[in-house]
Amino acid sequence: MQQTTNSILMIRPINFRKNEQTAVNNFFQEDIDLKNAEINKKAQEEFDAFVFKLKSYGINVIVISDTDEFDTPDSIFPNNWISFHADGTVGIYPMFAENRRLERRDDILVELEKNDFLIENVVDYTSAEEENLFLEATGSIILDRVNKKAYCALSARADEELFIEFCEDFEYTPVVFIANQTVNDKRVAIYHTNVMMCVATTFAVICLDTIDDKTERKNVVKHLKEDRKQIIEITEEQMNNFAGNMLQLKGENDELFLIMSQAAYDCLNQSQIARITNHCKIISSSLETIETCGGGSARCMMAEVFLPKNKS
């Protein structure tokens, strides 16, 4: 079992814009004074430059284009509806926003099989949408795949019972907490766990200040320390610049990289950068339009593919 992979799935947008359906509880989204076509064009440019950079370091990026069959402004963030696992299992997840449910596409699984990935089993949680219960894949769940622990900040998009069901199905130990951010002087739940924490092979980047309950905070720290993760703390302000939305991947010759946006990198201090680069190199790319309108960053754009390869 490994914590990092060399292969990721990314969806190239064709109708990217601020999604009004997700803005109700994604407080990272902002309005931008551009027409939608211009926003989409900028997002495509950022996407293409990001993919080019990742590939230049030997990361295997499987790019599939969004289709115009449905209005899917957030299709650029596939890690919220699908997860891939080393035993050949695929997880499909219930989504809070109705227009995000349209992002789920069977042909993407076919495309992965064409790339010689083996799919043995699909675990589908989407029927929970009928009960208005949601769990948005590796947006809501941070997986420590080696130590079989799953971290989840509960929110409108991360239901506790569904999360426990996931942990039972995939045999993970659940670590549950509530993470808040300050919006208009009020503490409100952060929409996705992956904006406030990232678990890598030997370290974790986390905004502990968001976990207001001291007992919950201590519990998260206990689990990370137990698994010998060096804890690199970020502030809430840094989190607001997507410094928690990072993902560790393998490049050429299994070299490890921590992937983040330029905004995330620029808000880190020298000490934090030094501590990260003690473990691995950093790759950053400008994702300004995607972050501003989409309220998600580098990690949200990458669905890690851990599926086994077809030997035949």
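These are my notebook entries on a predicted model of one protein chain.

**Entry 1. Confidence**

I looked up the confidence of the model before anything else. The protein chain averages a pLDDT of 92, and 93% of the residues score at least 70. Where does pLDDT stay under 50? I found this over residues 21-30. For that stretch the model has 42 contacts beyond four places in sequence.

**Entry 2. The cores**

The largest nonpolar core has 39 residues. Which residues have the most contacts inside it? I noted Tyr-151, Phe-177 and Met-196. Strand S12, residues 203-206, gives the most to this core, with four residues. Apart from this core lies another one, of 25 residues, and I listed Phe-16, Ala-43, Cys-300 and Met-302 among them.

**Entry 3. Helix H4**

Which residues of helix H4 are buried? In this helix, residues 160-170, I found Leu-162, Phe-163, Phe-166, Cys-167 and Phe-170 to be buried. They cover an arc of only 145 degrees around the axis, so they are on the same side of H4. The face turned away from the buried side carries the exposed residues Glu-161 and Glu-168. I also looked up what covers the buried residues of H4, and the cover includes strands S4 (89-92), S5 (121-124), S6 (141-144), S7 (149-153) and S8 (173-177).

**Entry 4. Rings around Phe-166**

Phe-166 and Tyr-172 form a stacked pair, with 6.0 Å centre to centre and 25 degrees between the planes. Both Phe-166 and Tyr-172 are buried.

**Entry 5. Helix H2**

I repeated the search for buried residues in helix H2, residues 106-114. Its buried residues are Ile-108, Leu-109 and Leu-112. Seen down the axis of H2, they fall within an arc of 100 degrees, so they line one face of the helix. On the face turned away from the buried side I found the exposed residues Asp-106 and Lys-114. What do the buried residues of H2 pack against? They pack against strands S1 (7-12), S2 (60-65), S3 (82-84), S4 and S5. Just after H2, Asp-116 takes a positive phi of about 70 degrees.

**Entry 6. Positive phi in two loops**

I looked up two further residues with a positive phi. Asp-185 is not a glycine, yet its phi is positive, at about 65 degrees. This residue lies in the loop between strand S9 (180-183) and strand S10 (186-189). Phe-242 is not a glycine either, and its phi is positive, at about 70 degrees. Phe-242 lies in the loop between helix H6 (236-240) and strand S14 (247-250).

Is Asp-185 buried or exposed? Its relative accessible area is 76%, and exposed means over 50%, so Asp-185 is exposed. For Phe-242 I noted a relative accessible area of 5%; buried means under 20%, so Phe-242 is buried.

Gly-294 lies in helix H9, residues 288-294. With a relative accessible area of 4%, Gly-294 is buried. I checked the distance to Phe-77, which is 217 residues apart from Gly-294 along the chain, and the C-alpha atoms are separated by 8.8 Å.

Met-260 has its place in strand S15, residues 256-261. Met-260 is buried, with a relative accessible area of 0%. Met-260 and Phe-96 are 164 residues apart along the chain, and their C-alpha atoms are separated by 25 Å. What does Met-260 touch, not counting residues up to four places away in sequence? I found Met-246, Tyr-265, Leu-268, Ile-282, Ile-283, Ser-284, Ser-285 and Ala-298.

Key
Residues numbered from 1 in each chain as written. Predicted model: local features only at pLDDT ≥ 70, side-chain atom pairs only at ≥ 80, totals over all residues. Heavy atoms only, no water. pLDDT = per-residue confidence, 0-100. Contact = heavy atoms within 4.5 Å. Core = buried A, V, L, I, M, F, W, Y, C linked by side-chain atoms within 4.5 Å. Buried < 20%, exposed > 50% of the residue type's maximum accessible area, 1.4 Å probe, protein only. Phe/Tyr/Trp six-rings, centres within 6.5 Å; stacked < 30°, edge-to-face > 60°. Arc of directions from axis to C-beta.
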